[in-house]
Each structure stands twice: as structure tokens, then as C-alpha cells.
Amino acid sequence: MGGGAWPRTAGRQNMSVSGQGGVHARAADERDLARIHAIEVASFPDSWSLEGFRDLLRDSHARLEVAEDDAGEVLGYAAAWFVADESEIANLAVASHARRRGIGALLLDRILDAAASFGARSVFLEVRESNEAGKGLYSSRGFAVAGRRPRYYHEPDEDALIMKRTM
């Protein structure tokens, strides 16, 4: 069945994974929170609080990953929870000036690797019905529409598509 809590060293180590164009992903830490929050606020009208991200860092059943360039600028982030044999991708966002460079795919792959390490058998997420780029990315990694949440998003009001990937 499912894994369990992250080992204190293995789940939070600062290993980086290289992406394209001098961008790499790593586990987020406290110093990244202000930039993560800035990307969040610029990306989502119903954004999380800075404290919400801080709580995520402390949660032994969660991961918060960042993608950064060689200069150390945080360009995107992904957040996920792992419970029993399921995972939920809570948020994934890339700074507007860094989009269309494979950063979202790098972060998604990092979260999927973490889900596999945790023992997740399935991974879920919600995406705005109009988010063609997001739906395309998720579909490219084996996610398929599994349901709908009417009027889940606000500003503007819109349905969420629930997508699922079986690991």
C-alpha cells in the first residue's frame, strides 16, 4: 500500500535535478517562500497566503519544489500532498516571463517522482477547464479527466476538471 512519512533526510534533501537551459529543480526551503508567494499571487486570483506555504514546508506528508536558474532566481514551484497511497498536486505555477521553457514539466516530473517514492498509486489535481496549457502538460504525463467540480474557481467563475494519473 502507501508509503508513509518522508524520511527526515531522503524526503527533504536539497538534491537538484537539471532541466533545460540552466534551470534545475530542488526542494524548497524557507528562503524561497517570498518568491514562491510572489509567483502565486501573480498566477492565481485566489492565492495562498505566505503562511500557507510556510506550513507546507513543515508538513512531513507534503513536498514543495522550486525551479531556479543558474543565478538562483526562483522561476516556478510545485506543491503536493501524499496520504496513504494517493497524492494530490495542490499547485504548480511558473513566473510569467519564464513560461514555455519546460519549467512546468520539470516541476511536474519532480513531483511525480516524489509520489512514486512515497508509494502513491494515483495522483490527482484540479485544473481550470480553460487552462489549455495546463491540460496539455498534464495529459502529456498520463493524466486523464476523471471528474468535474462545478464553479470551483472564482475570478472568473469556472469549473475545475479533476485529472488523475495511475502510477
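Me: How do the residues of the lining of the largest pocket divide into nonpolar, polar and charged?
Reply: This is a predicted model. Its largest pocket has a volume of about 950 Å³. The lining counts 34 residues. By class they divide into 19 nonpolar, seven polar and eight charged.

Me: Which residues that line the largest pocket are the closest to its centre?
Reply: The lining has 34 residues in total. Those closest to the centre are Phe44, Leu92, Ala93, Asn131 and Tyr138.

Me: Which element gives the most to the lining of the largest pocket?
Reply: Helices and strands both take part. The elements that give two or more residues are H1, S5 (86-94), H3 (103-118), S6 (122-128), H4 (132-140) and S7 (144-153). With seven residues, the top contributor is S5.

Me: Is the crossing of H1 and H2 left-handed or right-handed?
Reply: The two axes cross at roughly 125 degrees. The hand of this crossing is right-handed.

Me: How many nonpolar, polar and charged residues has the contact of H1 with H2?
Reply: H1 brings Leu33, Ala34, Ile36, His37 and Glu40 to the contact. H2 brings Leu50, Phe53, Arg54 and Leu57. Sorted by class, the contact has six nonpolar, one polar and two charged residues.

Methods: Residues numbered from 1 in each chain as written. Predicted model: local features only at pLDDT ≥ 70, side-chain atom pairs only at ≥ 80, totals over all residues. Heavy atoms only, no water. Axes fitted to C-alpha atoms, helices over the stretch in contact; angles between N-to-C directions. Helix = DSSP H or I, 4+ residues; strand = E, 2+ residues; numbered from the N terminus. Left-handed = near helix turned anticlockwise from the far one by under 90°. Contact = heavy atoms within 4.5 Å. Nonpolar A, V, L, I, M, F, W, Y, C, P; charged D, E, K, R; others polar. 1 Å grid on protein atoms, 1.4 Å probe; cavity = no way out; pocket = protein on both sides within 12 Å on 5 of 7 lines; lining within 4 Å. Points joined across faces, edges and corners; volume = space filled by probe spheres on them.
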